[in-house]
Amino acid sequence: MKRKADIVIIGGGINGCALAYRLAKQKKNVVLLEKNYLSSGATGSCGAGIRQQWSTKENIELSMHSVKMFEGLNTELDSDIEFRQGGYLIINHTEKEMKQSEQNVALQRSLNLDVEILNVSDIQKIVPILDVKGMHAIGATFCPTDGHANPFKTTFAFARAAEKQGALLYTHTKVNQINKKKDYVYEIQTDKGILTSSWVINTAGVWSKDIAKHVSINLPNTPFRKEAMATERLQPLFEAMVISFHDGIYFSQQAEGQIVGGIPIPEERSGFHTMPTYAFLQHMAYTLTRYAPLLKQVNMLRHWTGFYDVTPDARPILGEDENVPGFVHCHGFSGHGFMLAPMVSKLIADQIVHGKTSSVLQRLSLKRFDDPDLIQEQNVVG
Amino acid sequence: MIGMTKTTIVCRCEDITEEDIIAIIHEGYTDLEEIRRRLRIGMGPCQGRVCIQLVKKILERETKKEVQETSLPTNRPPLIPISLGALASKKKQGGRHEKKS
């Protein structure tokens, strides 16, 4: 194993791999450490939706920039990530939700997002298999440039591009200890050897809390157990991702034809149990076929568990720590790490390489939790 | 393996040949889970029951390293594909998990 690096990234999910690529491209000596295999955590179990319809300015800005970048990633990384823009259809069920939607759309439009409010009668024009009555829908919002990509292929594309730029990615390598020798001097002990670096970036997802403890930082993140399922492959039926904050359901049809979706688990269990539950399957199947009765005939093939790394305001924690120079936060994505990765990795790479601080990084710093008037992201699903 | 050629289909659900698997291993995907995620092996109707042991053998031969049984993909329910209608029928309308709108 290499003994010295400019930057050590801990966690080989989408954000770790994207950062490895961006930093190596700027001639930094980068080592990425992953305790399992690439995309083995939240990235590999996520729904891979890419959405710009948020209730907070930071998430809208980050995701709008990310979508622009997703559009160019096939060329930039020389690999097909299966990015498709079929839009996101957000179903509204109550007057309260309609009011929140109007507020969100006003904010989104002020930031130049192309988004519209739909009447009930317009819903089937976007996704013909939906049953408006079964869903109890009273309206919806739709953004045509939202979409999804293949999370494995995107992560691997960033990883391979990073390696081409000289980054070293060590999988099956566990971090046991991080010693801060002084500002910008870290010693990282792994089960494969010891290395030193000036910077450490924490992209460990739900394991970020454990990584941060090594440098005496206490993160407010909590793991939330989630389940998702996939059906057999079907001919193309619809292009949009359908979501409802009211029912917590989301589902879309992927490039290969399978329908992938999730819903909150009725029998919520704490801890790191990875075996999926029958209760989830029943609840998901019941709700999904209520939304789209045609799918009753379709076979469900598999389901799995993943973990959201959730912060108190459902927004990520980003940027260099105020009190521990050289230690960089990039976690707490609360279920939205995949879609924000292209822009987040750029902002953090710019901060490390050029010392640039952006206002988004400042507003999403760890110290915001000291402020009693925390702004909460409302548009959370799953 | 006896009788196998480069064009032998290893994963019937996704039409993946031995050649496809060898190519991906030489691209640097040397973890069974990575190969699975890259080629969708084991994600079809058979859920890996037909192909995973074969992929494991090809991986061991190409990398000259033993793959531990413990690192094989996790078996999860359902054992066979099951229709959403059948799964949904067990749940009564207006159950405790459904919010009233």
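1. Helix axes are lines fitted to C-alpha atoms over the stretch in contact, and the angles between N-to-C directions run from 0 to 180 degrees. On that basis, helix H3 (residues 57-77) of chain A and helix H10 (residues 337-354) of chain A have axes that come within 7 Å and cross at roughly 90°. H3(A) and H10(A) are therefore roughly perpendicular to each other, a term for angles of 65 to 115 degrees, whereas angles under 35 count as roughly parallel, those over 145 as roughly antiparallel and the rest as oblique. From H3(A) the contact takes A:Leu62, A:Ser63, A:His65, A:Ser66, A:Met69 and A:Phe70, and from H10(A) it takes A:Met339, A:Leu340, A:Ala341, A:Pro342, A:Met343 and A:Val344; two residues are in contact if their C-beta atoms, placed from the backbone, lie within 7 Å. By class, this contact has nine nonpolar, three polar and no charged residues, where Ala, Val, Leu, Ile, Met, Phe, Trp, Tyr, Cys and Pro count as nonpolar, Asp, Glu, Lys and Arg as charged, and the others, Gly among them, as polar.

2. Conventions and confidence. This is a predicted model, in which local features need pLDDT of at least 70 and side-chain atom pairs count only at pLDDT 80 or more, while totals for chains, interfaces and linings use all residues. Residues are numbered from 1 along each chain as its sequence is written, and chains are lettered from A and ligands numbered from 1 in the order in which they are written. The predictor assigns the complex a pTM of 0.92 and an ipTM of 0.85. Chain B has a mean pLDDT of 84, with 85% of its residues at 70 or more, pLDDT being the predictor's confidence in each residue, from 0 to 100. Over residues 94-101 of chain B, however, the pLDDT is below 50, and this stretch has eight contacts in the model beyond near neighbours in sequence. Where pLDDT is low, the predicted coordinates should not be read in detail.

3. Chain B. Its secondary structure comes to four helices and three strands, running from the N terminus as β-β-α-α-α-β-α; helices (H or I, at least four residues) and strands (E, at least two) are DSSP runs, numbered from the N terminus. Of the 101 residues of chain B, 29% count as buried, that is, with 20 or more other C-beta atoms within 10 Å of their own, against 12 or fewer for exposed and partly exposed in between, with C-beta atoms placed from the backbone.

4. The contact between the chains. Chain A contributes 34 residues and chain B 23 residues. On the side of chain A that touches chain B, helix H7 (151-164), helix H9 (278-291) and strand E16 (299-310) each supply at least two residues, and the largest share, seven residues, comes from H9(A). That side of chain A divides into 15 nonpolar, 14 polar and five charged residues.

5. A:Met300 has B:Ile82 as its bridge partner in E3(B). The open sheet has nine strands with mixed pairing, in the order E5(A)-E6(A)-E4(A)-E13(A)-E14(A)-E15(A)-E12(A)-E16(A)-E3(B). At its edges are strand E5 (116-118) of chain A and E3 of chain B, each of which pairs on one side only.

6. A:Asn299. This residue lies in strand E16 of chain A and is partly exposed, with 19 other C-beta atoms within 10 Å. Leaving aside neighbours within four places in sequence, A:Asn299 is in contact with A:Thr231, A:Glu232, B:Pro81, B:Ile82 and B:Ser83.

7. Strand E11(A). Strand E1 (residues 4-10) of chain A runs parallel to strand E11 (residues 193-202) of chain A, with six bridges between them, and A:Ile7 stands opposite A:Trp199 in E11(A). Strand E10 (residues 185-190) of chain A runs antiparallel to E11(A), with five bridges, and a hairpin joins E10(A) to E11(A) through two residues. Three bridges also join E11(A) to strand E18 (residues 327-331) of chain A in parallel, where A:His329 is the bridge partner of A:Asn202.

Conventions:
Pairing = 2+ DSSP bridges.
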